Amino acid sequence: MPPPLVVAASLAGLEAFVLAGLAVLELANLSSMRLTMGLTTTAFFLAAAAGLAWCAWSLWRVRRWARGPVVMAQLIQLGLAWNLWAGSTKPLSAGLAVVALVVIAGLVHPASTDVLEHEART
């Protein structure tokens with residue numbers, strides 16, 4: 001597997017881990033005042049973490065279909081980074097943007113494209 005694809009899959013896996021962590025934090029901060037919101041947010045983070053983890057694992061296994069969902073997740077992350085670009089959240093915004101751009105670059109790198117297209121032909 002080419003290094004750019006390894007980096008992209010690894011970062012996508014790390015993103016899934018962070019989403020799972022956010023789900024745990026949300027669950028730990030449940031209150032009766034916002035029980036429904038807390039539970040649905042936890043479920044959303046868990047579902048997103050599971051989906052992204054599955055796609056990251058599939059990229060490790062060189063499955064072509066996983067590239068599209070991971071790119072979509074990175075585009076959403078870039079939108080989130082754009083919205084956070086103000087005041088004290090600038091460092092977080094920059095970090096989100098850099099990670100998303102590195103993952104996209106790794107997925108569209110010619111070496112990654114070659115190996116993923118080869119998988120599609122076999």
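Let's start at Thr41, which sits in helix H2 (residues 35-60); helices here are DSSP runs (H or I) of at least four residues, numbered from the N terminus. This is a predicted model, in which local features need pLDDT of at least 70, side-chain atom pairs count only at pLDDT 80 or more, and totals for chains, interfaces and linings use all residues. Residues are numbered from 1 along each chain as its sequence is written, and side-chain values use heavy atoms, with hydrogens and water left out.

Thr41 has a relative accessible area of 18% and is therefore buried (under 20%, with exposed meaning over 50% and partly exposed in between, for a 1.4 Å probe and protein chains only). A polar atom of the Thr41 side chain lies 2.7 Å from the backbone oxygen of Met37.

Now look at how H2 meets its partner, helix H1 (residues 3-28): their axes come within 8 Å and cross at roughly 160°. The axes are lines fitted to C-alpha atoms over the stretch in contact, with angles from 0 to 180 degrees between N-to-C directions. H1 and H2 are therefore roughly antiparallel to each other, a label for angles over 145 degrees.

Finally, turn to helix H3 (residues 67-83). Its 17 residues reach 25 Å from first C-alpha to last, close to the 24 Å expected at 1.5 Å a residue, where the expected span is 1.5 Å times one less than the number of residues. Buried in H3 are Arg67, Val70, Gln74, Gln77 and Ala81. They cover an arc of only 85° around the axis, so they lie on the same side of H3; the arc is that of the directions from the helix axis to the C-beta atoms. On the face of H3 turned away from this buried side, you will find the exposed residues Ile76, Trp82 and Asn83.

Methods: Helix = DSSP H or I, 4+ residues; strand = E, 2+ residues; numbered from the N terminus. Polar contact = N/O pair within 3.5 Å; in protein donor to acceptor, adjacent residues only side chain to side chain. Parallel < 35°, antiparallel > 145°, perpendicular 65-115°, else oblique.
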